[in-house]
Amino acid sequence: MGEKKTGNRVTGGVLLFGLALAAILAAVGYRALDGADADTDESPAATPLEALEARVAEEPGDAAAWQELGFTRYGRGEFGAAATAYREATALEPDTAVLWSAYGEALVMDSKRDPLPPEALAAFRRAIALDPADPRARYFLAVKRDLDGDHQGAIAAWLALLEDTPPGAPWEADLARTIEQVATINKLEVAPRLERAQAARSVPAATGAGLTATGAIPGPNAAQLAAASQMPPGEQRQMAEGMVASLEQKLVADPSNLDGWVMLMRSRTTLGQPDRARKALSDAVAANPFAAARLRAEAEALGIR
């Protein structure tokens, strides 16, 4: 896990939300959902990156294509190119918080000197204005506090984020380690507060204390994703629909999993199934009336009306 150092300060796990994003995208089979039914002139030997570059060239108004290109470039360590792709996505969908926070993170990782460049900070602030719950924006805005010398404020913000983090979330362990590292460096006592934050996450969501993601929904592993990229388009589509159907069945068994409902809405939208995306929203709200506002906000960001 990467670190960024400045002076005597260390922000551990600065990559955690890039890795978390990768896990989330894998969970919904994002790479298997990129226009599987569309005709293409690409050679079968084209790499996924080449295919994405061709796709954005042919459809420059497709924000999802720019988002995936940004994600792919980020995963290759090409942070400047990732930031460029995410900037295009934010221009096309300026009201989508996750695009702004992804853009900000790519700018952070591309910066050679400034641990939190002004443009990245502005992107995180835009994301948090659109979605106060955006975890990546919350994380990096707390980094800003730490860099400004407000270590207690940074730790408090990270602890609040940890309380809101579903058990088993990909960034959970790294977030806790960041809190411990910053506390150790600055000689602050944090163990009891960290324990309380962890304990608070076990309170059922119906009490209003937090979410109850009762276990992460598994996605394809790296080998499966690599295999999917070599499949003919029709088979990619079939694989994607099978994964989404599996996700839907898991939500029947565990309807309290709010993140799972958001994944389902996103997946149905990406598959070009707006009616089924709206049904997923309706079912999610019916199962979780206490979280209706959040679910509708997530749907709005996905363009589900």
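Q: What does the secondary structure of the protein chain come to?
A: The protein chain has 15 helices and 2 strands. Helices (H or I, at least four residues) and strands (E, at least two) are DSSP runs, numbered from the N terminus. This is a predicted model, in which local features need pLDDT of at least 70 and side-chain atom pairs count only at pLDDT 80 or more, while totals for chains, interfaces and linings use all residues. Residues are numbered from 1 along each chain as its sequence is written, and side-chain values use heavy atoms, with hydrogens and water left out.

Q: What makes A83 count as buried or exposed?
A: Buried means under 20% relative accessible area, exposed over 50%, and partly exposed in between (1.4 Å probe, protein chains only). A83 has a relative accessible area of 3%, so A83 is buried. This residue lies in helix α4.

Q: Which residues does A83 touch, not counting residues up to four places away in sequence?
A: A83 touches Y103, A106 and L107, where contact means heavy atoms within 4.5 Å. The C-alpha atoms of A83 and F71 are separated by 9.4 Å, and these two residues are 12 residues apart along the chain.

Q: Which residues make the contact of α4 and α5?
A: From α4 come F79, G80, A82, A83, Y86, R87, A89 and T90, and from α5 come L99, W100, A102, Y103, A106, L107, M109 and D110. By class, the contact has 12 nonpolar, 2 polar and 2 charged residues. Ala, Val, Leu, Ile, Met, Phe, Trp, Tyr, Cys and Pro count as nonpolar, Asp, Glu, Lys and Arg as charged, and the others, Gly among them, as polar.

Q: What makes α5 and α7 parallel or oblique to each other?
A: Helix α5 (residues 97-110) and helix α7 (residues 135-147) pack at an angle of about 40°, with their axes 8 Å apart. α5 and α7 are therefore oblique to each other. In α5 the contact is made by V98, S101, A102, E105 and V108, and in α7 by R136, A137 and F140.

Q: How do you know whether D62 is buried or exposed?
A: D62 has a relative accessible area of 19%, so D62 is buried. D62 is found in the loop between α2 (48-58) and α3 (63-75). Not counting residues up to four places away in sequence, D62 touches R55 and L92. A polar atom of the D62 side chain lies 3.0 Å from the backbone nitrogen of A64.

Q: How many of the residues of the protein chain count as buried?
A: Of the 305 residues, 46% count as buried.

Notes. Axes are lines fitted to C-alpha atoms, for helices over the stretch in contact, and angles run from 0 to 180 degrees between N-to-C directions. Angles under 35 degrees count as roughly parallel, over 145 as roughly antiparallel, 65 to 115 as roughly perpendicular and the rest as oblique. A polar contact is a pair of N or O atoms within 3.5 Å; within protein, one must be able to donate a hydrogen and the other to accept it, and residues adjacent in sequence count only if both atoms are side-chain atoms.
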